[in-house]
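Take a look at the fold below.

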Amino acid sequence: MAGIHSTVQGPPAGGIRRHPVTEREFSVIADILNLGRGMSFKDAAAQIPNGGCKLGVHTSTPPEDRDDRFYGFLAYCIDRSDAFTGPDMGLSPADADRIRKYTHNIVGGTARSGSGGATGVTAGWGVFLAMEEALKFRGRDGVSGVHVAVQGVGELGSPLIEHLLSAGAQVTAGDIATDAMEARLIPIEKKTGKKVDRIPADQVLGIQCDILAPCAVGGVIDADTIPTLGCTMVIGGANNQLAARSEAQELAMARAVADRKILFVPDWIVNAGGVIQGKMEHVHEKDFSLNEARAETARIIPPNVRDVLLRADAESITPLQAAYRKFEPIVYG
Ligand code: PHE
């Protein structure tokens, strides 16, 4: 399924995500369309001349059963959508390598394939920078001593945790895939010499902390979870963190979070580092430089965070509303 939200800025850019067949078709369609809308705004915020889309594959086929026809078909769908894409939840950089045999409109393959590697690396870096900026806005200097709870230790959560530990933050993390989480955390702990507190994934939202970083599935912040949040800020890498199926619902949810005196920084402002890396790889191919992607992310994300927080304060609106006001003229022309 191709959820193309906008082509006003150019051909659509967005990830390709896999949903297992246990999920209802309606919820897959709603997810992809919402993610597509988020991508239009993310691409605008990232200063990328692309519209927004998300592609969705509804299949439980395990990696060992995915053959060339599977990957070739996905490549065909990507090209027919006129999109450039990268692996999102449910598909890996190794999947991207195999799709790339058939189209160059997918990036974010494994680094050893000559690709720029997983875009979560730069996305995680951008989330870290967004946290620093929001803390600065609240009068704190850096993440040292700040307690961050990370939900999801995957392609994005892992690099984020590494940056946080290196900068002296206290990190608590949880992931439903506990073995995979261990496999990622152990090398990070070795490298940084710091420890991460593990808790069950379903307890991350409620833990008392400074910053909650949802870095896995979307929709984790809803009417049931808002009263239970134990953080003072929500700044994370997951897409569509607020459970909503329209901009109006999303704004109402952001208001409910703000009413609890919790600062929610819009996900598509915070996690744009992935598409920034992806765009640079798509344009520069073999000459792509990860350092340049990091520099571009540092140029774009912190000023966006600051501007949105300033506008929100000045106009007594939520940062989400401020972000929509700032970027709607670009997205809708
Ligand atoms: N999937 C990434 C996101 O959700 C964006 C991306 C798009 C990455 C295209 C690579 C290529 O932000």
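Predicted model: local features only at pLDDT ≥ 70, side-chain atom pairs only at ≥ 80, totals over all residues.

Residues are numbered from 1 along each chain as its sequence is written, and side-chain values use heavy atoms, with hydrogens and water left out.

Start with the cavities. On a 1 Å grid over the protein atoms alone, a cavity is a set of points where a 1.4 Å probe fits but cannot get out. Lining residues have an atom within 4 Å of a point. A volume is the space filled by probe spheres set on the points, which are joined across faces, edges and corners. The model has two cavities of 30 Å³ or more.

The largest cavity holds about 70 Å³. Its lining includes Asn-34, Arg-37, Gly-38, Trp-268 and Tyr-324. Helix H1 (residues 25–45) gives the most to this lining, with three residues. Helices here are DSSP runs of H or I with at least four residues, strands are runs of E with at least two, and both are numbered from the N terminus.

The second largest cavity has about 40 Å³. Among its lining residues are Leu-35, Gly-38, Met-39, Lys-42 and Trp-268. H1 again gives the most, with four residues.

Now turn to the open space. A pocket is an open set of points with protein on both sides within 12 Å along at least five of seven lines. The second largest pocket has a volume of about 300 Å³. It is lined by 17 residues, and Ala-258, Leu-263, Asp-313, Ile-317 and Pro-319 lie nearest its centre. Helix H7 (247–259), strand S10 (263–264) and helix H10 (290–315) each give two or more residues to the lining. H7 gives the most, with four.

The axes of H4 (residues 120–137) and H5 (residues 157–166) come within 7 Å and cross at roughly 45°. Axes are lines fitted to C-alpha atoms, for helices over the stretch in contact, and angles run from 0 to 180 degrees between N-to-C directions. So H4 is oblique to H5: angles under 35 degrees count as roughly parallel, over 145 as roughly antiparallel, 65 to 115 as roughly perpendicular and the rest as oblique. Contact means heavy atoms within 4.5 Å. Residues that meet include Trp-125 and Phe-128 in H4, and Leu-160 and His-163 in H5.
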